[in-house]
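User: I am new to this structure and would like to learn how to read some of its features. Please take them one residue at a time.

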Amino acid sequence: MGNGAKAQMKRERGAKNAPKEANSQLKVNAAAKNIKCSVCFADFLCTSRAKQLEEHAQNKHNKGLQECFAGFVEQPKKK
């Protein structure tokens, strides 16, 4: 068996073990953006804390948290 055949066999074995499809996180991240500012319609991840949203409301709109994010309830931290 020549070196060319060995290289071809190695490529075939590598292709068999290679991942079939790239796993993209983009669709999952887009679905996780379920908090929306009612003034500028900016999207925020569902893991955003009240402090971050309050800073957005104050810095961008000079408003409070409930004025920009009506009905926002912060989820308890997981331990």
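User: Is G64 buried or exposed?

Analyst: Buried means under 20% relative accessible area, exposed over 50%, and partly exposed in between (1.4 Å probe, protein chains only). G64 counts as buried because its relative accessibility is 19%. This is a predicted model, in which local features need pLDDT of at least 70, side-chain atom pairs count only at pLDDT 80 or more, and totals for chains, interfaces and linings use all residues. Residues are numbered from 1 along each chain as its sequence is written, and side-chain values use heavy atoms, with hydrogens and water left out.

User: Where is G64 placed?

Analyst: Helices (H or I, at least four residues) and strands (E, at least two) are DSSP runs, numbered from the N terminus. G64 lies in the loop between α3 and α4.

User: With which residues is G64 in contact, leaving aside neighbours within four places in sequence?

Analyst: Contact means heavy atoms within 4.5 Å. On that basis G64 touches E54, A57 and Q58.

User: What is the phi of N62?

Analyst: N62 has a phi near 55°, which is positive, and N62 is not a glycine. N62 sits in the loop between α3 (50–61) and α4 (65–68). N62 counts as exposed because its relative accessibility is 68%.

User: Which residue has a positive phi of about 60°?

Analyst: That is F41, again not a glycine. F41 belongs to the loop between β1 (35–36) and β2 (43–44). With 56% relative accessibility, F41 therefore counts as exposed.
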